[in-house]
Each structure stands twice: as structure tokens, then as C-alpha cells.
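Student: Hi! Could you walk me through this model in plain words?
Tutor: Happy to; have a look at it first.

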Amino acid sequence: MIMKTLITTLFATLMLITIQGQAFAATSEVTWTDYKKYRDIDAGDENRKHFRERTFKEFEKYFAELAERLPEGQVLKIDVTDVDLAGDTNVAGIHRLRVVKDIYFPRMNFSYQLVNADGSVAKEDTVILKDMSFMMGSNLKYRNKSLGYEKSMLNDWFLETFKELIVEKK
């Protein structure tokens with residue numbers, strides 16, 4: 001499963017590189033370690049496997065979008081060890097629905113390496129992210145977007161972590 005995810009991520013990254021004939025800078029590789037132990041990747045009424053695969057692909061695509069802003073030739077390697085999506089699934093009659101309230105904030109744990117073209121590690125760390133104020137202020141604009149709260153949290157982390165390396169697109 002890890003190999004299939006890695007191949008899918010690399011393919012998606014290569015596809016992004018060729019979009020609009022524009023060469024992007026860095027790429028990303030995402031590994032989903034021991035996903036059966038994640039805190040909350042529950043689909044509610046949707047098929048669990050399809051929900052998980054769709055969710056992982058959406059995160060992989062987002063990590064690739066973030067990595068595009070890093071210098072050419074670098075690879076952002078992410079090893080996700082836990083996910084807790086915003087909200088919680090609750091039984092509502094015969095249906096299981098995801099209910100988003102401020103007490104069910106998004107969390108994600110992962111380690112990362114930013115690898116240079118020569119194979120040396122430019123930066124690495126283990127990250128424990130959580131956004132306890134995800135429903136406050138400007139974050140409300142993400143409420144109707146798929147994984148919007150989680151993406152907002154990842155974007156904030158990315159901007160803070162790589163602020164000195166970010167390359168603006170032309």
C-alpha cells in the first residue's frame with residue numbers, strides 16, 4: 001500500500017510539473033504510515049476505503065501544491081503518522097454524519113525532510129499540528145471546502161517553516 005501511494009504521488013507530481021508547460025520547482029512524496037491507527041479518518045456513511053483513498057489523494061495533491069513553491073530540484077518528503085479531521089462522526093438516526101464544532105479541531109502528525117538535488121537534507125523535523133481556533137475569524141472561509149480547515153492548518157505550517165525558501169511563481 002505504501003509503495004502504491006508513493007507511486008501515485010510521484011505520478012501526480014510529474015503531472016503537475018507539465019501543467020501549462022510551466023516547470024515548477026520542488027516535488028513532494030507522501031507516505032501514510034500505519035493509517036489504521038489514525039485518530040479520525042472516519043467517513044461517516046461513505047465507504048471507508050473510498051473515503052480514505054480520496055482524502056489521502058487530496059492531501060497528496062495539496063502537499064504537491066505547497067512543494068511547488070520551494071526551490072527547483074528539492075523534494076519535500078512527508079511521512080504522515082496521524083490524522084484527526086476537523087469535526088467528528090456521530091450517529092444521527094440511521095446515518096453517521098460528520099459534525100464540525102470548535103471542540104473537534106483538526107490535527108495532523110508527520111515528519112518531513114526537505115531534500116536537495118544532491119541528496120543532502122536541507123531541513124527536517126517531526127511536526128505535531130493542531131488548530132484549536134480553526135473556526136475563528138478568517139478560517140470560516142474554508143468551511144465549505146473539502147478538507148479546508150486541514151489545508152489552512154498545513155498552509156500556515158508551510159509558510160512558517162519554509163518562509164526563507166519560498167519561491168514566488170512567475
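Tutor: One term before we start: a contact means heavy atoms within 4.5 Å.
Student: Thanks! What does asparagine 155 touch, not counting residues up to four places away in sequence?
Tutor: Asparagine 155 touches Tyr62, Leu66 and Arg69 on that count. This is a predicted model, where local features need pLDDT of at least 70, side-chain atom pairs count only at pLDDT 80 or more, and totals for chains, interfaces and linings use all residues. Residues are numbered from 1 along each chain as its sequence is written, and side-chain values use heavy atoms, with hydrogens and water left out.
Student: Where does asparagine 155 sit, and is asparagine 155 buried or exposed?
Tutor: Asparagine 155 belongs to helix 3. Its relative accessible area is 18%, so it counts as buried (buried is under 20%, exposed over 50%, partly exposed in between, with a 1.4 Å probe and protein chains only).
Student: How do helix 2 and helix 3 pack?
Tutor: Helix 2 (residues 48-67) and helix 3 (residues 148-161) pack at about 30°, and their axes are 11 Å apart. Helix 2 is therefore roughly parallel to helix 3, a label for angles under 35 degrees, with over 145 roughly antiparallel, 65 to 115 roughly perpendicular and the rest oblique. Axes here are lines fitted to C-alpha atoms, for helices over the stretch in contact, and angles run from 0 to 180 degrees between N-to-C directions.
Student: Which residues of helix 2 and helix 3 make the contact?
Tutor: Helix 2 brings residues including Phe59, Tyr62 and Leu66, and helix 3 brings Leu154, Asn155 and Phe158 among them.
Student: New topic: what are the elements, from the N terminus on?
Tutor: They run α-β-α-β-β-β-β-β-α, with 3 helices and 6 strands in the protein. Helices (H or I, at least four residues) and strands (E, at least two) are DSSP runs, numbered from the N terminus.
Student: Which element has the lowest mean pLDDT?
Tutor: Helix 1 (residues 2-18) has the lowest, 45, while strand 5 (residues 107-115) has the highest, 97. pLDDT is the predictor's confidence in each residue, from 0 to 100. Over residues 3-23 the pLDDT is below 50.
Student: One more: what is phi of leucine 147 near?
Tutor: Phi of leucine 147 is near 55°, a positive value in a residue other than glycine. Leucine 147 lies in the loop between strand 6 (121-130) and helix 3, and is buried at a relative accessible area of 13%.
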